[in-house]
Amino acid sequence: MTQPFFLRAATADDAETIRLLTREAYAKWVPVIGREPLPMVADYAEAVRKHRIDLVEIEGRPAALIEMVPGADHLLIENVAVSPAHQGQGIGRRLLAHAEDVAASLGHREIRLYTNKLFAENVRLYLKNGYAIDREEPFKGGVIVHMRKSV
């Protein structure tokens with residue numbers, strides 16, 4: 001990625017921005033799985049209160065986000081969303097690296113995430129960035145891929 005970006009913690013005032021950005025980023029998956037992915041229908045007013053959501057801004061505008069949930073012994077990446085205008089620029093990889101820093105700062109040695117098996121480009125991105133497939137499980141007529149990475 002050539003553009004510099006600013007990363008900041010989301011606040012309650014960002015819930016609608018998070019919802020819109022996530023819907024925009026995930027829209028391409030609706031025809032692939034035949035329904036809206038769960039991040040498109042999540043309650044972000046609640047999520048911003050309960051989870052750590054960091055927003056990426058480019059030129060003062062929201063471009064991406066990562067939603068993380070600290071667990072007892074790991075950090076869960078709940079959502080990575082990059083607006084279509086900024087996909088393919090390395091922002092997702094930078095957000096994954098950011099999650100590693102967050103996990104380390106919390107004393108966690110592992111990051112976990114999950115994605116739909118049909119989101120093949122996401123599975124490849126995670127594998128390329130050191131994640132391993134832990135298991136697969138059926139979900140709403142599809143398959144969820146659970147992945148993990150040691151940090």
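Start with the largest pocket, which has a volume of about 900 Å³. A pocket here is an open set of points on a 1 Å grid over the protein atoms alone, where a 1.4 Å probe fits, with protein on both sides within 12 Å along at least five of seven lines. Its volume is the space filled by probe spheres set on the points, which are joined across faces, edges and corners. Select Tyr26, Asn79, Val80, Asn122 and Tyr126: of the 43 lining residues, these are the closest to the pocket's centre. A lining residue has an atom within 4 Å of a point.

Before moving on, note that this is a predicted model, where local features need pLDDT of at least 70 and side-chain atom pairs count only at pLDDT 80 or more, while totals for chains, interfaces and linings use all residues. Residues are numbered from 1 along each chain as its sequence is written, and side-chain values use heavy atoms, with hydrogens and water left out.

Which element gives the largest share of the pocket lining? That's S4, with 6 residues. Helix H1 (15-26), helix H3 (38-41), helix H4 (44-50), H5, S5 and H6 also supply at least two residues each. These labels are DSSP runs numbered from the N terminus: helices are H or I with at least four residues, strands are E with at least two.

Now select strand S4 (residues 75-82) together with S5; the two pair in the parallel sense over 3 bridges. Strands count as paired if DSSP finds at least two bridges between them. To get from S4 to S5, the chain passes through helix H5 (residues 91-105), making a right-handed β-α-β crossover. Right-handed means that, with the strands pointing away from you, the path from the first strand over the helix to the second runs clockwise.

Zoom in on Leu113 in S5, the bridge partner of Ile77. Leu113 also stands opposite Met147 in S7. Select strand S7 (residues 142-150) as well: S5 and S7 pair in the antiparallel sense over 7 bridges.

Is S5 largely enclosed or open? In S5 (residues 110-116), 5 of the 7 residues are buried, so the strand is largely enclosed by the rest of the structure. Buried means under 20% relative accessible area, exposed over 50%, and partly exposed in between (1.4 Å probe, protein chains only).

Next, pick helix H6 (residues 120-128), where Asn122, Val123 and Tyr126 are buried. Look down the axis of H6: the buried residues fall within an arc of 100°, so they line one face of the helix. That arc is taken from the directions from the helix axis to the C-beta atoms. Their cover includes S4, H5, S5 and S7. Turn to the other side of H6 and you'll find Arg124 and Lys128 exposed.

Hop over to the loop between S4 and H5 and select Ser83. Ser83 counts as buried, at 4% relative accessibility. Not counting residues up to four places away in sequence, Ser83 touches Leu21, Glu24, Ala25 and Ala63, where contact means heavy atoms within 4.5 Å. Pro84 lies in that loop too, but is partly exposed, with a relative accessible area of 43%.
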